[in-house]
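Below is a short briefing on selected local features of one protein model. The points are grouped by topic.

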Amino acid sequence: MCGIVGVVSAQPVNQLIYDALLLLQHRGQDAAGIVTQLGHKFFMHKAKGMVRDVFRTRNMRALPGNCGLGQVRYPTAGNAASEEEAQPFYVNAPFGLVLAHNGNLTNAHALKEELARLDHRHINTESDSEVLLNVLAHELERATRGVPLQIDDVFAAVSAVHRRLRGSYAVVALIAGHGMLVFRDPFGIRPLCIGRGADGTVMAASESVALEGTGHRFERDVAPGEAIFVTLDGQIHARQCAEAPRHHPCIFEFVYLARPDSVIDGISVYQARLNMGETLATRVISTVPPGEIDAVIPIPESSRPAAMEVARLIGRPYREGFVKNRYVGRTFIMPGQAVRKKSVRQKLNVIASEFAGRNVLLVDDSIVRGTTSREIVQLAREAGARKVYLASAAPPVRYPNVYGIDMPTQEELVAHGRTVEEVRQLIGCDTLIYQDLEAMKRAVAVLNPALCGFEASCFDGVYVTGDVTLETVTAINAPRQAAAQADSADEDGGGSRLTLPNAQEV
């Protein structure tokens, strides 16, 4: 999961892209980057860290031009520790291309070999986004064959890209001197939308909140398989470039990833979470008599709508029992289990009066690794809770996700290979209640019946692209595991890394 934005305007866009990235910061906290275009020249700044830390005044002044793109990075493939893998990526031929990508290619390893052997293109990082950029560059070169670029050539290139790529990808790219290209994988797994400002500015972004929060009018979602090309004067050209597109957005966007004030693929994220609360309430009532529950308490932030609906429907008080430190990042998207565990108590503090002597029902949006849940249950007990019931607005996460969510190995998933009772014992709550998978799908699908279905592989093990095997998961995860082992060896003094780091500005 990353956040991407692209802009074509008649005015300088550096501040606009920065503001949009702040609105998408929840989608990635590992690195950030912006590239702008002035004439035929690109200007880029990217580094590890949060948006507010990566970009200083001097960096913003060095980003001139009326079109550009940006990304906030959350690593799901490649080397999470490498600053070289921060996006956007650049390649100089043909024309000059820069690209930012949200998603995960499931055939990146095979494509990398293919690019070297057949296309004679060199890949310098472990990032699948660099692979994607070079596939696009090669297909653009084939489509134009040395003649001036035409709109039809752009769409022909994207059609060829769709035929070669597997996995999830929402993309914004700039073609030097020509315009902005936006496209989405044939299943529409990762979100992407487009809108306009009153001055004619065109913006594409991962979530509608980035448009609305910067004063732009949301127009529509980019359709699965569709490509949109925006010329430098703001003209929009769109074409379906996939042979058999089918709309299966990632259901985890509605569970946790997206902001509640976004609308994705015609579905209000907030309403989807309310609906999940409604179906979860049915499960709660069938498991724990409501009279035994003194208060319903959400685990901030994403679970609040579901918790409010549960409290309303079971007729018990809704209370805030945890206060979140907003200056600590989202623990789910922190790379590394040790960092994640350490941050839980820094992230949440309890309001002891809401727990003392009470039976409390804690509602979370999902339970992935179980580390955070175990810590939170312990916090509730230390605050004096008599009994701690835990309800998840999502079903058990039993399978690895390969489409851009950081749950790459089955061993990391607390529900994999375990019964609900075994998970309950590990977490330490008195009762554990999970959402029903089919009920959750129906609760979200009712908000847009036109969808073909959902990408819900982490819950049901069904991978909609049809190409995922255990070997695929292992190959995707291998570079990150190797990097983590190298980092661990460095920390223990048992290894070393030879690198050529970029000079850091002070």
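Helices (H or I, at least four residues) and strands (E, at least two) are DSSP runs, numbered from the N terminus. The model is predicted: local features need pLDDT of at least 70, side-chain atom pairs count only at pLDDT 80 or more, and totals for chains, interfaces and linings use all residues. Residues are numbered from 1 along each chain as its sequence is written, and side-chain values use heavy atoms, with hydrogens and water left out.

**Helix α12**
- Just after α12, Gly384 has a positive phi of about 105°.
- The helix itself covers residues 371–382, 12 residues in total, and its first and last C-alpha are 17 Å apart, close to the expected 16 Å. The expected span is 1.5 Å times one less than the number of residues.
- Buried residues of α12 include Thr371, Ile376, Val377 and Leu379. Buried means under 20% relative accessible area, exposed over 50%, and partly exposed in between (1.4 Å probe, protein chains only).

**Aromatic pairs**
- Rings of Phe, Tyr and Trp (its six-membered ring) pair if their centres lie within 6.5 Å; planes under 30 degrees apart count as stacked, over 60 as edge-to-face and the rest as tilted.
- By this rule there are eight aromatic pairs.
- One of them is Tyr18 with Phe55, edge-to-face at 6.2 Å centre to centre and 85° between the planes.
- Tyr18 is in helix α1 (residues 14–23) and Phe55 in the loop between α2 (51–54) and α3 (57–61), so this pair ties together parts 37 residues apart in sequence.
- Tyr18 is buried at 15% relative accessibility, and Phe55 is buried at 4%.
- Phe252 and Tyr256 form a tilted pair, 6.3 Å centre to centre with 50° between the planes.
- These two are separated by about one helical turn because Phe252 and Tyr256 are four residues apart in helix α8 (residues 252–257).
- Ring pairs link Phe252, Tyr256 and Phe459 into a cluster.

**Val161**
- Val161 belongs to helix α6 (residues 151–164) and is buried, at 0% relative accessibility.
- Beyond neighbours within four places in sequence, Val161 has contacts (heavy atoms within 4.5 Å) with Val135, Leu136, Glu139, Tyr169 and Phe183.
- Its C-alpha is 9.4 Å from that of Leu140, 21 residues away along the chain.

**Thr409**
- Thr409 sits in the loop between β20 (387–392) and α13 (420–427).
- Thr409 counts as buried, with 13% relative accessibility.
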